[in-house]
Amino acid sequence: MMKVRVDLPHNPYDIIVERGSLAKSGQWAAQLWKPQKVVIITDNHVGSLYAEKVKLSFEDAGFEVAVFDFLEGEAQKNLTTVNKAYDFLFKNGMTRSDGIVALGGGVVGDLAGFVASTYMRGIHFLQIPTSLTAQVDSSIGGKTGVNTPNAKNSVGTFTQPDGVLIDPNTLNTLGKRELIEGMGEVVKYGLIDDLELWEELQSMDGSIEGILEHAESIIYHSCQVKRKVVVEDELDNGTRLYLNFGHTIGHAIETTAGYGKVMHGEAVAIGMVQISRVAEKKGLMPVGITDEITQMCAKFGLPTDYEPWDREKLYQALTHDKKARGKSIKTVIVPELGQAAINQIPLEEMREYLEK
């Protein structure tokens, strides 16, 4: 078992990384919560694989459990699904002393966290992420959110979970594309803050088997970077922005392509390559670093370009980005491997960063 402590002053919690821990999730929860009503929020795919196992474990630990599931996919992460979840919670008599368990990938975790943080002005919740993207990124740090037609994650809250339980064995049931897209976030962590992780990625052959073999290590390293940045800047006003390397352009790609057409980690990979290529031309990043990023992404099967590339549509999507402030926007660059920096520029200049 590996443990990462997210030592926030008002709500500290642990991230547990342990193979086979899903079957013991109820015992884990019982160390954090008193017996109460629990609703497991999941999607229909993850639910068919793991909901019954988690439900039985929680019931064995003394919890009263119900399961709410919705259709899988980024397109379902919206306020319509949120309202269906609210109705389910009311019908099951959930009160402010009861809890929600997010069981699934990033879509499930973001939506379940948002529901928990807004139902009756907030009830507590736990994260049990089952995808690589969720395990290394979205389940940690307290960002919740849903999409609108205008922008990804444009409605959300900052609300920390009471704990995060990661069972790397769940990666064995991910599809190939779903596993690979999670490597977009892992590559990002190595680039912005962890040379040891970057070196481990360099040593890997890029195969699915290699990812699964190294799963515990790359998850642990990624969680350590996320923990560090979240503790330094919980509300995303300073250094936590480093986590957005590749995301500014990546989110615009996700939005304009149609939610779910380009997966999040894929869009992040494309965004990292694109912003680095232009930043390198502007002298903001050293010559050759874009090639290193491109080669690393390509090795793991991540896309490094996207068609059709519509600069004006992407720019319009960028104007709704949460990092935009008035007529400027904060972007993230990597001036050297293992180090990130914030580059605040006029919003209009982002058109240059979208040029092919």
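Helix α6 (residues 176-193) and helix α11 (residues 264-281) cross at roughly 40°, with axes that come within 7 Å. That angle makes α6 oblique to α11. Keep in mind that this is a predicted model. Helix α6 also crosses α9 (residues 215-232), here at roughly 60°.

**Where α6 meets α11**

- The crossing of this pair, α6 and α11, is left-handed.
- On the α6 side, the residues in contact are R177, E181, G184, E185, V187, K188 and L191.
- They meet H264, G265, E266, V268 and M272 of α11.
- Sorted by class, the contact of α6 with α11 has five charged, four nonpolar and three polar residues.

**Where α6 meets α9**

- The axes of α6 and α9 come within 10 Å, and they cross at roughly 60°.
- So α6 counts as oblique to α9.
- Handedness here is left-handed for α6 and α9.
- From α6, the contact takes in M183, V186, Y189, I192 and D193.
- Facing them from α9 are I218, S222, V225, K226 and K228.
- The class tally for α6 with α9 is six nonpolar, three charged and one polar residue.

**The second largest pocket**

- If you go looking for the second largest pocket, expect about 280 Å³ of space in it.
- Its lining is made up of 18 residues.
- Strands β1 (2-6) and β2 (13-17) and helix α1 (25-30) each give at least two residues to the lining of the second largest pocket.

**Backbone details in two loops**

- Which peptide bond is cis, with omega about 0°? The one joining E307 and P308.
- P308 sits in the loop that runs between α12 (289-299) and α13 (311-318).
- M120 has a phi near 50°, which is a positive value in a residue other than glycine.
- You'll find M120 in a loop too, the one between α4 (106-118) and β6 (124-129).

Definitions and conventions:
Residues are numbered from 1 along each chain as its sequence is written. This is a predicted model: local features need pLDDT of at least 70, side-chain atom pairs count only at pLDDT 80 or more; totals for chains, interfaces and linings use all residues. Side-chain values use heavy atoms; hydrogens and water are left out. On a 1 Å grid over the protein atoms alone, a cavity is a set of points where a 1.4 Å probe fits but cannot get out, and a pocket is an open set with protein on both sides within 12 Å along at least five of seven lines; lining residues have an atom within 4 Å of a point. Grid points are joined across faces, edges and corners, and a volume is the space filled by probe spheres set on the points. Helices (H or I, at least four residues) and strands (E, at least two) are DSSP runs, numbered from the N terminus. Axes are lines fitted to C-alpha atoms, for helices over the stretch in contact, and angles run from 0 to 180 degrees between N-to-C directions. Angles under 35 degrees count as roughly parallel, over 145 as roughly antiparallel, 65 to 115 as roughly perpendicular and the rest as oblique. A crossing is left-handed if the near helix is turned anticlockwise from the far one by less than a right angle, and right-handed if clockwise. Contact means heavy atoms within 4.5 Å. Ala, Val, Leu, Ile, Met, Phe, Trp, Tyr, Cys and Pro count as nonpolar, Asp, Glu, Lys and Arg as charged, and the others, Gly among them, as polar.
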